[in-house]
Amino acid sequence: MLRKEADDKYKWDIHKLYKDVAEWRKDLQKLVKINDEIASYKGKLDQKDIFLKVEKLEDESSKISDKVVLYTYLTDLDNSNIEYQNMETELTNESNKMSIKTSWVSNEIKSIGLDKIKEFITGTEHEAKLRGYEQFFKNEKFILSEEIEDALTKTSRSRGAISDV
């Protein structure tokens, strides 16, 4: 049985996320813009105001990303709709580009250090993230250099393109 033939009570109501694919694309483009803005702060995260701005942008990005990915996943269940199939490729391509543009973030956070980050976020709306940063710094020895991270990000993008063919 095709999905379109099934009774609506057996289907996810994806319209609660987005009314249509055009609305989904607007959020995907908003996500790209947010990540472009984050990328524009490269070399500046050691400034408190910039760091907090990027934290806020990452929160917004995360919310939109969750919604975009969920919608893509739920629409991908309908294998008969080519537009839905193309959405997964579009999301993957944009995600890869965003990863490349922001592959420097971990190294820059590492260079700032936990003490300075504690100073930045204590008493702000981001203070709840302190535990995450403590974990991050416990594992900092596993963070690759910016050059290697960038190369791996670009390589994984090309490897993904091969599997899409």
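Here are some questions and answers about how the terms used for this predicted model follow from its values.

Q: What makes up the fold, helices or strands?
A: The protein has seven helices and zero strands. Along the sequence that reads α-α-α-α-α-α-α. Of its 165 residues, 34% count as buried. Among contacts between residues at least 6 apart in sequence, 72% join residues at least 24 apart.

Q: Why are helix 1 and helix 3 called roughly parallel?
A: Look at the crossing angle: the axes of helix 1 (residues 21–39) and helix 3 (residues 82–101) cross at roughly 5° and come within 10 Å. Angles under 35 degrees count as roughly parallel, so helix 1 and helix 3 are roughly parallel to each other.

Q: Which residues make helix 1 and helix 3 meet?
A: From helix 1, the contact includes Val-21, Trp-24, Leu-28, Gln-29 and Val-32, and from helix 3 it includes Tyr-84, Met-87, Leu-91 and Glu-94. By class, this contact of helix 1 with helix 3 divides into 10 nonpolar, two polar and six charged residues.

Q: Why does Glu-94 count as buried?
A: Buried means under 20% relative accessible area. Glu-94 has 15%, so Glu-94 is buried. This residue lies in helix 3. Leaving out residues up to four places away in sequence, Glu-94 touches Leu-28, Gln-29 and Val-32.

Q: Why is Glu-60 called partly exposed?
A: Glu-60 has a relative accessible area of 38%. Buried would need under 20% and exposed over 50%, so a value in between is partly exposed. Glu-60 lies in helix 2.

Q: What makes Thr-75 buried?
A: The relative accessibility of Thr-75 is 1%, and the cut-off for buried is under 20%. Thr-75 therefore counts as buried. Its place is in helix 2. Not counting residues up to four places away in sequence, Thr-75 touches Ile-14, Tyr-84 and Met-87. Thr-75 and Val-21 are 54 residues apart in sequence, yet 9.7 Å apart in space, C-alpha to C-alpha.

Q: Why is helix 5 called roughly antiparallel to helix 6?
A: The axes of helix 5 (residues 114–121) and helix 6 (residues 130–138) cross at roughly 170° and come within 11 Å. Angles over 145 degrees count as roughly antiparallel, so helix 5 gets that label relative to helix 6. Leu-114, Ile-117, Lys-118 and Ile-121 of helix 5 make the contact with Leu-130, Tyr-133, Glu-134 and Phe-137 of helix 6. Sorted by class, there are six nonpolar, no polar and two charged residues.

Q: What makes the pair of Phe-136 and Phe-137 edge-to-face?
A: Their planes are at 80°, with 5.0 Å centre to centre. As for Phe-137, a relative accessible area of 10% makes it buried.

Q: Which residues form one aromatic cluster?
A: Phe-51, Phe-120 and Tyr-133 do.

Q: How do you know that Lys-67 lies over the face of Tyr-18?
A: Lys-67 is at 4.5 Å from the ring centre of Tyr-18. The distance limit is within 6 Å, together with a limit of within 35 degrees of the ring normal. Lys-67 is listed as lying over the face of Tyr-18.

Notes. Residues are numbered from 1 along each chain as its sequence is written. This is a predicted model: local features need pLDDT of at least 70, side-chain atom pairs count only at pLDDT 80 or more; totals for chains, interfaces and linings use all residues. Side-chain values use heavy atoms; hydrogens and water are left out. Axes are lines fitted to C-alpha atoms, for helices over the stretch in contact, and angles run from 0 to 180 degrees between N-to-C directions. Helices (H or I, at least four residues) and strands (E, at least two) are DSSP runs, numbered from the N terminus. Angles under 35 degrees count as roughly parallel, over 145 as roughly antiparallel, 65 to 115 as roughly perpendicular and the rest as oblique. Contact means heavy atoms within 4.5 Å. Ala, Val, Leu, Ile, Met, Phe, Trp, Tyr, Cys and Pro count as nonpolar, Asp, Glu, Lys and Arg as charged, and the others, Gly among them, as polar. Rings of Phe, Tyr and Trp (its six-membered ring) pair if their centres lie within 6.5 Å; planes under 30 degrees apart count as stacked, over 60 as edge-to-face and the rest as tilted. Buried means under 20% relative accessible area, exposed over 50%, partly exposed in between (1.4 Å probe, protein chains only).
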